[in-house]
Amino acid sequence: RDCEIDLSRSTLNAAVMTAGEWLLPVAAVLKRDLLEGGYIQADETPIGVQSDETRGRNHQGYEFQYSRPGGPVVFDFCMSRAREGPAEFLRDYGGILQCDGYQGYEKIGAPGIVRAGCLAHVRRKFNDALKLDPKDREAAAVLLLLGKLYAVEKEARQAGATAQERLAMREQRSVALFEELKAKIAQIASHALPSSKLAEACQYALNQWARLKVYLQDGRV
């Protein structure tokens, strides 16, 4: 339209699909690089799909995203959010897998796979609790401690720290903060209303705790 060229939508769609087919070998190389790197971050997002399986509306498919900071990013489309998608993609992978608490990432991968949790998901849940009650001092206190942990990461990033240098910074400053954070969350969980957003945030964090600690053991994470 910008160049005043009249092309039908079907022609444009066909061009995009053809380009995608040409790029499949590139995607395969990126996937191999990613799987050999020893550290993968995974997440998934819904995407509407026109399908004969669903009448009158789009079918909800999912784009699973696998990446490594500073490395490849690979998208794997699946027709559902079921475990089969990540199980197939990661079937021979035995490194660190960082993801949220979604059960679809459980019981997959090769022997030796290590699962790392995600502090961003923990932070989001406490932030949701604070949005619901802006006067909630306990949710605010947790976010303040998380902010201190994030500050260490920001400093390392701005300094261009290597993985080993980042790990050393965490050992010096983040380990104690992390234990303080756990104690605070456990204390809140002991009296928070079971059905509240705050209790939900606490339970999620405590359930993920062993996996959240992985970042204190490996500077790549």
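1. Arg91 and Asp92 form a salt bridge, their closest N and O atoms lying 3.9 Å apart. A salt bridge here is a side-chain nitrogen of Lys or Arg within 4 Å of a carboxyl oxygen of Asp or Glu. Asp92 counts as exposed, with 67% relative accessibility. For this and later points, buried means under 20% relative accessible area, exposed means over 50%, and partly exposed lies in between (1.4 Å probe, protein chains only).

2. On the basis of the note: this is a predicted model, in which local features need pLDDT of at least 70 and side-chain atom pairs count only at pLDDT 80 or more, while totals for chains, interfaces and linings use all residues. Residues are numbered from 1 along each chain as its sequence is written, and side-chain values use heavy atoms, with hydrogens and water left out.

3. How many salt bridges does the rule count? The count comes to 10. Side chains of opposite charge can pair when their charged atoms come close. One of the bridges joins Arg68 to Asp33, at 3.1 Å from N to O. Arg68 sits in the loop between strand E2 (59-67) and strand E3 (73-78), and Asp33 in helix H1 (residues 9-36), so the pair ties together parts that are 35 residues apart in sequence. Helices (H or I, at least four residues) and strands (E, at least two) are DSSP runs, numbered from the N terminus. Arg68 is buried, at 18% relative accessible area, whereas Asp33 is partly exposed, at 36%.

4. Another salt bridge links the side chains of Asp218 and Arg220, at 2.9 Å from N to O. Asp218 is buried, with a relative accessible area of 17%, and Arg220 is partly exposed, at 37% relative accessibility. Elsewhere, salt bridges that share partners join Glu88, Arg91 and Asp92 into one network.

5. The next point concerns helix packing. Two packed helices are described by the angle between their axes and the distance between the axes. The axes of H3 and H6 come within 8 Å and cross at roughly 170°; axes are lines fitted to C-alpha atoms, for helices over the stretch in contact, with angles from 0 to 180 degrees between N-to-C directions. Residues making the contact include His121 and Phe126 of H3 and Cys202 and Tyr204 of H6; contact means heavy atoms within 4.5 Å. The contact residues divide into nine nonpolar, one polar and three charged. Ala, Val, Leu, Ile, Met, Phe, Trp, Tyr, Cys and Pro count as nonpolar, Asp, Glu, Lys and Arg as charged, and the others, Gly among them, as polar.

6. His121 belongs to helix H3 (residues 119-132). Is His121 buried or exposed? His121 is buried, at 13% relative accessibility. Apart from neighbours within four places in sequence, His121 touches Asp43, Asp100 and Tyr204.

7. In helix H6 (residues 197-207), the buried residues are Leu198, Ala199, Ala201, Cys202, Tyr204 and Ala205. Their cover includes H3, helix H4 (137-158), helix H5 (163-189) and helix H7 (209-212). Cys202 has 0% relative accessibility and so counts as buried. With neighbours within four places in sequence left aside, Cys202 is in contact with Phe126, Ile185, Ile188 and Ala189.

8. The axes of H4 and H5 come within 10 Å and cross at roughly 170°, which makes H4 roughly antiparallel to H5.

Definitions and conventions: Angles under 35 degrees count as roughly parallel, over 145 as roughly antiparallel, 65 to 115 as roughly perpendicular and the rest as oblique.
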